Every structure is written in structure tokens, then in C-alpha cells.
Amino acid sequence: MNEEVDFQPQHAKDGRAGDPYECAECTNPVEPFLRSDRMPHIWCPGCGIGTTVNCFTRALIDSKVDLDKLVVVSGIGCTGRVAGYVALDSFHTTHGRAIPFATGLKLANPNLTVVVYAGDGDLSAIGGNHLIHAARRNIDLKVICVNNMIYGMTGGQTAPTTPEHATTSTNPYGTFEAGFNLPHLVDAAGAVYVARWTTFHVRQVARSMQEAFKKKGFSFIEIISPCPTLYQRRNKMGDGLDAMKYYKQMSKVKNGAPTGEVGLTKTGEIPVGKFVDRDRPDYRSLMVHQFQESLGEEYVEMGECSCS
Ligand code: SF4
Ligand code: MG
């Protein structure tokens with residue numbers, strides 16, 4: 001097959017004004033940020049991933065990030081599809097490897113705002129080591145983790161984030177292993193910004209994304225999101241609307257809470273809020289400093305990437 005691939009976003013193909021922030025013809029402000037030619041999307045009715053994309057575009061609109069310097073990197077899975085749906089420079093990479101791919105982009109061109117948009121299985125299972133070490137090294141990445149507590153795309157298997165006693169396709173009698181507390185994991189590893197919200201908290205999600213855009217260093221936003229098709233159904237938790245009611249009822253805002261205390265259970269309280277906001281030098285600043293110290297005048301700072 002020798003099919004020509006058209007990488008132009010829908011906005012450009014339609015011949016509309018080049019700036020999605022100023023599209024007078026668009027009936028919905030989110031529209032210019034999506035590749036309409038890829039619609040309908042693959043997400044199931046009631047899935048929360050689309051809600052997170054809406055929050056992301058709202059955050060872009062409100063923060064006016066330079067879209068020419070913004071990159072979205074996804075891994076594999078239902079959330080991994082985000083990279084294909086946004087009309088931005090984006091990369092749909094291999095399973096678990098969104099963070100190393102994004103790290104390379106950021107180090108090669110430090111002027112980019114690099115967003116990693118991935119699911120809980122992708123980031124904390126096969127990509128778990130990358131997550132830990134990117135936080136430890138304080139790579140300047142904005143990681144958006146859509147956590148539906150299960151492997152969605154592959155059939156609802158137990159993930160590292162699945163809470164104890166939840167029913168999954170691989171644990172039909174209930175899970176019995178402790179799930180990861182992701183905010184605690186990345187906090188302990190050294191992330192400078194850590195927040196958790198649910199897809200019910202759309203304004204808070206968008207605000208956290210805006211804060212992450214401004215933050216230098218490893219930022220991590222966990223968004224608890226329903227998978228009605230696999231997780232909700234198997235655990236008799238209703239549909240997408242029931243999930244919103246559940247999130248509203250069970251969420252408790254705990255800004256600044258010690259992350260060791262924000263672990264999730266199957267039906268218990270969902271602590272949400274901004275847990276960590278601190279400053280420490282990011283990887284590249286430390287690298288440049290080290291090279292300058294060691295090499296003195298021999299060290300030449302790399303300029304901005306000139307590739308188009
Ligand atoms: Fe969303 Fe679950 Fe459907 Fe995947 S399987 S699109 S996570 S509802
Ligand atoms: Mg998942």
C-alpha cells in the first residue's frame with residue numbers, strides 16, 4: 001500500500017485563518033483544535049477521555065500557549081488516541097514510550113512545550129520506569145494521565161492502578177493486590193507539580209493544565225475518568241452519568257494533602273486537588289550548568305532547533 005498521508009490539521013485544510021485562537025467561522029471554540037476529518041472518534045458513549053480533551057483545549061484557549069511550540073505525545077491505549085485527534089503537532093508513539101519520546105523532543109528543542117497525554121496503564125505499567133525517572137530527573141514535561149483504573153483498549157484487564165477488590169477481566173473474582181497511588185509515586189520521585197481531579201471537575205482540570213503550562217519541571221495531572229464499557233459495567237457502577245454523580249459525591253478537595261494519604265479505594269473517598277507545587281532545577285538546567293562547570297569556555301550552548 002502506498003497511500004499518501006496528509007498530516008495537515010483539518011483547520012488548515014479547510015482554508016480557515018491560520019490561528020485556531022481566532023477562528024471566526026468555527027461554531028464551537030474547541031473545533032479548531034480537533035481533526036474533524038478523524039471523527040467520529042473511537043471512544044465509547046460516556047467515556048471520560050473526550051471530556052479531558054475538552055478541558056485541554058479550554059486550557060490552551062485561556063493560556064494562549066504558542067501552538068507552534070506545543071507538542072502532544074501519546075502512547076498506546078484509548079487515551080493514546082488523543083494525539084491523533086488534536087489538530088496540533090502530535091506523535092502517537094509505542095506502548096509505554098511516550099515519556100522517553102517526549103524527553104528527546106524536549107532536550108533537542110528546549111523551547112517546546114511538551115505534553116504527554118496517556119492512560120494509567122501506558123504510564124504506570126509498561127512505561128512505569130520512564131515515569132519514575134522522568135520525575136526524578138525533573139524533565140520539563142507536562143504529563144496528563146487519564147486514569148480509568150483499568151486497561152481499556154485491550155479488554156479490561158487489571159492495571160497497576162486497579163483498586164483492591166475491583167472486578168476485571170483478568171480478576172473475575174476481584175483483585176487482591178494494592179494499586180499504585182500515582183500522585184505519591186511521582187511526588188516521591190521528585191515531580192514539582194502534582195494534582196488530581198476527576199472528569200467531573202472540568203474547570204479545575206483546565207486550571208491545573210494552565211498551571212502546568214507555566215511550571216518548569218515535571219508536572220503530573222491525574223484525571224480519574226470513567227470507563228463505562230469495562231470498569232463501570234463489570235463493577236456494577238452504572239454508566240457515564242452515574243460515574244459523574246459518584247465522582248461528585250465521593251470527591252473531597254484536599255489541596256496540599258500529603259500524597260501518601262491520597263490513595264484510592266474501589267468505593268471510598270476520592271481525594272482531589274493540587275497536592276504538590278514546588279520548585280527545583282530541571283534536568284536541562286542542571287545539565288547545562290554541569291557542562292559549563294566542567295568545560296568552561298569550550299562549552300557551546302545549543303541553539304534553537306531550526307528544522308521546520
Ligand atoms: Fe473509554 Fe473504556 Fe471505551 Fe476505552 S473502552 S473508549 S476507556 S469507555
Ligand atoms: Mg487505563
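Reader: What makes the shell around ligand 1 in this model divide into nonpolar and polar, with no charged residues?

Author: This is a predicted model, and its shell around ligand 1 consists of Trp 43, Cys 44, Cys 47, Ile 49, Cys 78, Asn 148, Gly 152, Met 153, Cys 227, Pro 228, Thr 229 and Leu 230. Asp, Glu, Lys and Arg are what count as charged, and Cys and Pro go with the nonpolar class, Gly with the polar one. The tally is therefore 9 nonpolar, 3 polar and no charged.

Reader: Which helix gives the most to that shell?

Author: Helix α9, residues 228–234, with 3 residues.

Reader: How do you know that α4 and α6 come together, and what makes up their contact?

Author: Packed helices are described by the angle and the distance between their axes. Here the axes of α4 (residues 98–108) and α6 (residues 128–137) come within 8 Å and cross at roughly 40 degrees. On the α4 side the contact is made by Ile 99, Pro 100 and Thr 103, and on the α6 side by His 130, Leu 131 and Ala 134. By class that's 4 nonpolar, 2 polar and no charged residues.

Reader: What share of the residues counts as buried?

Author: The share is 46% of the 308 residues, where buried takes 20 or more other C-beta atoms within 10 Å.

Terms used: Residues are numbered from 1 along each chain as its sequence is written. Chains are lettered from A and ligands numbered from 1 in the order in which they are written. This is a predicted model: local features need pLDDT of at least 70, side-chain atom pairs count only at pLDDT 80 or more; totals for chains, interfaces and linings use all residues. A residue is buried if 20 or more other C-beta atoms lie within 10 Å of its own, exposed if 12 or fewer, and partly exposed in between; C-beta atoms are placed from the backbone. Axes are lines fitted to C-alpha atoms, for helices over the stretch in contact, and angles run from 0 to 180 degrees between N-to-C directions. Helices (H or I, at least four residues) and strands (E, at least two) are DSSP runs, numbered from the N terminus. Two residues are in contact if their C-beta atoms, placed from the backbone, lie within 7 Å. A residue is near a molecule or strand if its C-beta atom, placed from the backbone, lies within 6 Å of it.
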